[in-house]
Each structure stands twice: as structure tokens, then as C-alpha cells.
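Here is a brief report on one chain.

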Amino acid sequence: ISNGWDRRRVKRCAKFLNVTMEELAARSCIRAWVLKGWMKKDRVPPYVALLFYLQEQAELEARYD
């Protein structure tokens, strides 16, 4: 899951969930400044990628089930 979870992919996730980067961090129990640091490095840790992926899946289920 973490392959491809770079800055662009995280931004796409936030847009899909219709939240800001700060809101995405908050709903993932991550401090906004920590997420911004990962974004500057252009890579998020695998456990964060999993959190974002699970949120996307939950949103998909809510929209289309």
C-alpha cells in the first residue's frame, strides 16, 4: 500500500475525502506539522498510508453501497 504514497497521492486522498491537509491529519490522529514534514520529504510512512487508504475505502463504501 505504501508504494506510491508520495505528496501527490496524499493530496489526491485529501481531495477525494473533501478535507484539507490539516483535517486529514486530525482525522488520522497525526499532528499537522508532522504530516507537513513527511510531505516535504515526499513520502509518508507505511502505517500512515494504510490509515489514509482505509479512510478512502470507508468513503467509497459510504458513497456507493
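## Fold

Along the sequence, the chain of this predicted model follows the pattern α-α-α-α. Its radius of gyration (over C-alpha atoms) is 11 Å, close to the 11 Å that the globule rule gives for 65 residues, so the chain is as compact as a globular protein of that length. That rule is 2.2 Å times the number of residues to the power 0.38. Helices are DSSP runs of H or I, at least four residues, numbered from the N terminus.

Residues are numbered from 1 along the chain as its sequence is written. Local features need pLDDT of at least 70, side-chain atom pairs count only at pLDDT 80 or more, totals for chains, interfaces and linings use all residues, and side-chain values use heavy atoms, without hydrogens or water.

V10 touches W5, M21, L24, M39, V44 and F52, leaving aside residues up to four places away in sequence. Contact means heavy atoms within 4.5 Å.

## Helix α3

L35, W38 and M39 of α3 are buried (under 20% relative accessible area, 1.4 Å probe, protein chains only). Seen down the axis of α3, its buried residues fall within an arc of 105 degrees, so they line one face of the helix. The arc is that of directions from the helix axis to the C-beta atoms. Their cover includes α1, α2 and α4.

The face of α3 turned away from its buried side carries W33, K40 and K41, which are exposed (over 50%). Just after α3, D42 takes a positive phi of about 65 degrees.

Definitions and conventions. Helices (H or I, at least four residues) and strands (E, at least two) are DSSP runs, numbered from the N terminus.
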